[in-house]
Amino acid sequence: MPSYEILPSDDPLTALHKRARQAERARDYQRAVELYTQGLEDGSYSAKVRRNLLRQRAFAYEDLKQYDHAEADYNAALQIEPLDADFYAKRGFYFYRRGRYDDALSDFRKGGELVPTDGGFPFGEGQVYGKLGQHERAVELYTEAIRRNAQVASYYRERGSAYNYLGKFKEAKADYDKALALGYSIPAPRETADSNLGRGYASWHLGRYQDAIDDFSAVLKVLPRSSTAHAWRGMAYQSLGKRPEAIADYKAALAIDPKNESALRNLKSLGVQPP
């Protein structure tokens, strides 16, 4: 874990960021906004530093639900010369989080035109189309992202998810295999768990029940309160005829989420009434 302790040797910008991070960890987002604003008032900082301060302040504004201010900061970052095209992706994902999908697509496409070698822009488009339920189009865009940069695990993970939605489980499993083999650039247990969850689902559909159990068990080591992982592991146990294990998992899923339809349905199919 990084240290946010202010040291005597810290330069003003480093100290400012540490204070802002402390405020964010305490969920004092208004204080974080004030600190980033102080930094932006210093005209000596480079264009890169100013863009980063604007982005961090935009995150704090989002946490405060002051979305007009957050959007204004993304807009301001894109006005700083020289233009950093990556901020089209950053603003695009902001629009994505806000459910403004047309605006998000517009930004991802603008960025992609400026930097046609960057896989992040078609990846962003793929995220939007996936959210809209247009999974065939999402697969096409994730494939383009992979063509541009074949070493990014999240591209394979998200294409695997799209393949699962399309019922193309063999292709999905291959993509999750690749994502897990590549790993992530920083320790990312949640992303790894998502890949295990998706691969387990694909494996179950392919009749590879023990593989599915292994993947769902890996998910539960990271996310022990995942009702979905418990329910799906229960299905895999049930498919192997392991009734007690299946019942235990269905009950665990319902203890976390009493409305888990899969667990309810499958528990009843075993002649067991829900708890």
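## Helix α15

In helix α15, Glu-261, Arg-265 and Lys-268 are exposed (over 50% relative accessible area, where buried is under 20% and partly exposed in between, with a 1.4 Å probe and protein chains only). On the other side of α15 (residues 261–269), Ser-262, Ala-263, Asn-266 and Leu-267 are buried. These buried residues line one face of α15, because they fall within an arc of 120° when seen down the helix axis (taken from the directions from the axis to the C-beta atoms). The partners against which the buried residues of α15 pack are α13 and α14 (243–256).

## Basis of the model

The model is predicted, so that local features need pLDDT of at least 70 and side-chain atom pairs count only at pLDDT 80 or more, whereas totals for chains, interfaces and linings use all residues. Residues are numbered from 1 along each chain as its sequence is written, and side-chain values use heavy atoms, with hydrogens and water left out.

## Overall architecture

The protein chain has 15 helices and zero strands (DSSP runs numbered from the N terminus: H or I of at least four residues for helices, E of at least two for strands). The C-alpha trace spans about 70 × 40 × 35 Å along its principal axes.

Of the 275 residues of the chain, 45% count as buried. The accessible surface of the chain comes to about 14,400 Å² (Shrake-Rupley method, 1.4 Å probe; for residues, only the protein chains shown count as cover), and carbon and sulfur atoms hold 49% of that surface. Among contacts (heavy atoms within 4.5 Å) with a separation of 6 or more, 43% involve residues 24 or more positions apart.

## The largest pocket

Several helices contribute to the lining: α7 (120–131), α8 (135–148), α9 (153–165), α11 (189–205) and α13 (227–239) each supply at least two residues. The largest share, six residues, comes from α9. In composition, the lining of the largest pocket divides into nine nonpolar, seven polar and five charged residues (nonpolar: Ala, Val, Leu, Ile, Met, Phe, Trp, Tyr, Cys and Pro; charged: Asp, Glu, Lys and Arg; polar: the others, Gly among them).

## Helix α4 and the loops beside it

In α4 (67–77), the buried residues are Ala-70, Glu-71, Asp-73, Tyr-74 and Ala-77. Seen down the axis of α4, they fall within an arc of 155°, and therefore line one face of the helix. The buried residues of α4 pack against α3 and α5.

The loop between α3 (47–63) and α4 holds Lys-65. Phi of Lys-65 is near 60°, a positive value in a residue other than glycine, and Lys-65 counts as exposed because its relative accessibility is 60%. In the loop between α4 and α5 (86–97) lies Pro-82. A cis peptide bond, with omega about -5°, joins Pro-82 to Glu-81.

His-17 is placed in helix α1 (residues 12–25) and is buried because its relative accessible area is 17%. Apart from its neighbours within four places in sequence, His-17 is in contact with Tyr-36, Asn-52 and Leu-53. Arg-27 sits in the loop between α1 and α2. For Arg-27, phi is near 60°, a positive value in a residue other than glycine. With a relative accessible area of 67%, Arg-27 is exposed.

Thr-37, in helix α2 (residues 29–40), counts as partly exposed because its relative accessibility is 22%. Thr-37 and Arg-57 are 20 residues apart in sequence, and their C-alpha atoms are 7.6 Å apart in space. Glu-113 belongs to helix α6 (residues 101–114) and counts as exposed at 66% relative accessibility. Between Glu-113 and Leu-53, 60 residues apart along the chain, the C-alpha separation is 26 Å.
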